[in-house]
Amino acid sequence: MPFLGDLERFAATTLYPWRFAIAALAIAATAGFVALAIRRGWFAAARRHPGRTGALVAAVVVVLAPASWYLGSPLFVRTELQEPPIVAVRPTPGPATPGPTA
């Protein structure tokens, strides 16, 4: 699955600076799609076939929800490890050991 990793890196590095513009365009596209669906009567057709509509919505959610989270989470979830710098520790002197006696 290296393809998904490449796609995630592309989304995180290239699209991150444009996240607000992309969100605005996505909202506008969704509003346009809803307006088109109302004009063409897709909502009325969905109400006439609730079983099919439910199955289609469930399939779309099962596929798109994990993919959206995997690809989109690097845009707003940032983690960074904060550790103190490594310092050299001077050995502490232990009890004196008696040397050889003459």
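User: Which residues line the largest pocket?
Analyst: This is a predicted model. The lining of its largest pocket consists of Phe33, Val34, Ala37, Trp42, Phe43, Ala46, Arg52, Thr53, Leu56, Val57 and Val60.

User: Which elements give two or more residues to that lining?
Analyst: Helices α2 (19-40), α3 (42-48) and α4 (50-76) do.

User: And which one gives the most?
Analyst: That is α4, which supplies 5 residues.

User: How much space is in the largest pocket?
Analyst: About 220 Å³.

User: How do the lining residues divide into nonpolar, polar and charged?
Analyst: There are 9 nonpolar residues, 1 polar and 1 charged in the lining of the largest pocket.

User: Switching to rings. How many aromatic pairs does the structure hold?
Analyst: It holds 1 aromatic pair. The partners are Phe33 and Trp42, and the pair is tilted. Their centres are 5.8 Å apart, with 50° between the planes.

User: Why is that pair tilted, not stacked or edge-to-face?
Analyst: Stacked needs planes under 30 degrees apart and edge-to-face needs over 60, so the rest count as tilted. Phe33 and Trp42 have 50° between the planes. Both residues also belong to the lining of the largest pocket.

User: Where does Trp42 stand, buried or exposed or in between?
Analyst: Trp42 is partly exposed, at 38% relative accessibility. Buried would mean under 20%, and exposed would mean over 50%.

User: New topic. How many salt bridges are there?
Analyst: The count comes to 1 salt bridge. The side chains of Asp6 and Arg9 form it, at 2.6 Å from N to O.

User: Where do Asp6 and Arg9 sit relative to each other in the helix?
Analyst: Both are in helix α1 (residues 2-15). They are 3 residues apart, so about one helical turn separates them.

User: Back out to the whole chain. How many helices and strands?
Analyst: The chain has 4 helices and 0 strands. From the N terminus on, the elements run α-α-α-α.

User: What share of the residues is buried?
Analyst: Buried residues make up 8% of the 102 residues in the chain.

User: Last one, Tyr70. Where is it placed?
Analyst: Tyr70 is in helix α4. At 37% relative accessibility, Tyr70 counts as partly exposed.

User: How far apart are Tyr70 and Gly5, in sequence and in space?
Analyst: Tyr70 and Gly5 are 65 residues apart in sequence. In space, their C-alpha atoms are 9.4 Å apart.

Terms used. Residues are numbered from 1 along each chain as its sequence is written. This is a predicted model: local features need pLDDT of at least 70, side-chain atom pairs count only at pLDDT 80 or more; totals for chains, interfaces and linings use all residues. Side-chain values use heavy atoms; hydrogens and water are left out. Rings of Phe, Tyr and Trp (its six-membered ring) pair if their centres lie within 6.5 Å; planes under 30 degrees apart count as stacked, over 60 as edge-to-face and the rest as tilted. Buried means under 20% relative accessible area, exposed over 50%, partly exposed in between (1.4 Å probe, protein chains only). On a 1 Å grid over the protein atoms alone, a cavity is a set of points where a 1.4 Å probe fits but cannot get out, and a pocket is an open set with protein on both sides within 12 Å along at least five of seven lines; lining residues have an atom within 4 Å of a point. Grid points are joined across faces, edges and corners, and a volume is the space filled by probe spheres set on the points. Ala, Val, Leu, Ile, Met, Phe, Trp, Tyr, Cys and Pro count as nonpolar, Asp, Glu, Lys and Arg as charged, and the others, Gly among them, as polar. A salt bridge is a side-chain nitrogen of Lys or Arg within 4 Å of a carboxyl oxygen of Asp or Glu.
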